[in-house]
Amino acid sequence: MSGKYDLVIVGGGISGASLLYTTAKFTDIDSIALIEKESEIAAINSHHTNNSQTLHFGDIETNYTLEKAEEVKEGAELLAGYLENHDPDREMHAKRSKMVLGVGDEEVEQLEQRYDDDGFGDLYPKLRPIDREEIAELEPKVVEGRDPSKEMLALQTPDGYVVDYGETTKSFVDEAAEEATVDVFTGTKVTDITPTLDGYTIETSDGRFDCDAAVVAAGSHSLQIAKELGYGQDKVLLPIAGSFFLADDLLNGKVYTLQMKKLPFAAVHGDADVHDGSITRFGPTAKLVPTLERGRISTVKDFLDVFGLNAAAFLSYANILADRILLPYVLRNLVYDLPSVGRKQFLPHVQKVVPSVELEDIERAKGYGGVRPQIVDTRNKSLDMGEAKIVGDDIIFNITPSPGASTCLKNAMRDTHTLLEFLDGEYEFDESAFRAETIDNFPRADESDGKRMVKPGADD
């Protein structure tokens, strides 16, 4: 197998698939190939058991600043609009209530300040503060058995999109594959990428591909490939594996707890499963693992390739892990995976959401959870929060920790503009048609009469 393409995308997770969809449907690029090493699309982090199925808008994620929330909001609305438009039967997503919970005077005050003073109430018209009584109506188990003298407040919104990112990825690929300009290759492992005079040659287990421009959207492996091509030398990865615990039908929607200050990882939350409302998932935990893929020992070598085993990398790790908040957190998270004591240690986190839960009500979700590569900047010896992108010479590398799935279409839109520059302005991107298929279908709040309404026909 071999071929010559204008654009080759490496990686068939949601990041690569959303770019394939955007370039195939809304540009006039002549030939595009997607290469995926697994036998099927979305087999690793985009698979529905390997992430928390959350579409992050930034409204209830209390580790987001207003600036980051603004950035994430448009990305989430693009994907929500796509789902509203392409998934009327709710096979890829469900829509439920979503809230962040404050318990006790200090947490309640934090939420009030966030909503009123920090501008989150203005940024999210559907977000509203609700008291104990209304929390109990929406989520009875959150209030049941809780100390009645403790003050409670939640910021709640109907925009609790629960997403099967694996099925969404396949939907993007199916949409793109309708175009005659697109070829999709699965079970095709990239072995080498070499720059040429007018682009790149990509050697694979199934033959050679030549292209004018390339995008590597291979999760943790993106940085590994970037480094082989001389990019990203001041970056290493801190791979974080997330795990979950399962319980019966305790929640109707999503319930988040307040974020611990300074921690880059999401606070524990409870979610009703996208496909099975009788299951509630609690998590994620976050532990350091020396692999690029969950449960694949073969990727330890890949991790060491990216790590580089040099002084700057070791010093960066030491500096990050010496943090007085982060180190105890990392050590505590190692305990949650231990067979006998893990459940017992994790139980208090579940009880923060559902106080009446007992030890026998929860079990570790075997086979769930993926690896999120947090980016480490070895120059500043610090965690580089957010999605990392390296733009090279006619090549883009996307290394996407959370919320990469939520903002996949916004990222694809940005990359499409860059790719058209790489391709010397020969092609055009119809961004208004792209928005018409995606964000224009997102149900807005109507505040003209002071009420928080949704467009007619949008089901909440």
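Buried means under 20% relative accessible area, exposed means over 50%, and partly exposed lies in between, with a 1.4 Å probe and protein chains only.

Some ground rules. This is a predicted model, where local features need pLDDT of at least 70, side-chain atom pairs count only at pLDDT 80 or more, and totals for chains, interfaces and linings use all residues. Residues are numbered from 1 along each chain as its sequence is written, and side-chain values use heavy atoms, leaving out hydrogens and water.

A salt bridge here is a side-chain nitrogen of Lys or Arg within 4 Å of a carboxyl oxygen of Asp or Glu. That rule gives 26 salt bridges.

Start with Glu167 and Lys170. Their side chains meet in a salt bridge, 3.6 Å from N to O. They sit three residues apart in helix α7, residues 165–177, so about one helical turn separates them. Helices are DSSP runs of H or I, at least four residues, strands are runs of E, at least two, and both are numbered from the N terminus. Glu167 is partly exposed at 33%. Lys170 is partly exposed too, at 30%.

Next, Glu77 and Arg444. Their closest N and O atoms are 3.0 Å apart. This pair links distant parts of the chain, 367 residues apart: Glu77 is in helix α2, residues 66–86, and Arg444 is in the loop between α14 and β21. Glu77 is buried, at 6% relative accessibility. Arg444 is partly exposed, at 33%.

Now Glu84 and Lys95. The closest N and O atoms of this salt bridge are 3.7 Å apart. Glu84 lies in helix α2 and Lys95 in strand β3, so the pair ties together parts 11 residues apart in sequence. Both residues are buried.

Last, a network. Salt bridges link Glu71, Glu74, Lys410, Arg414, Glu431 and Arg435.
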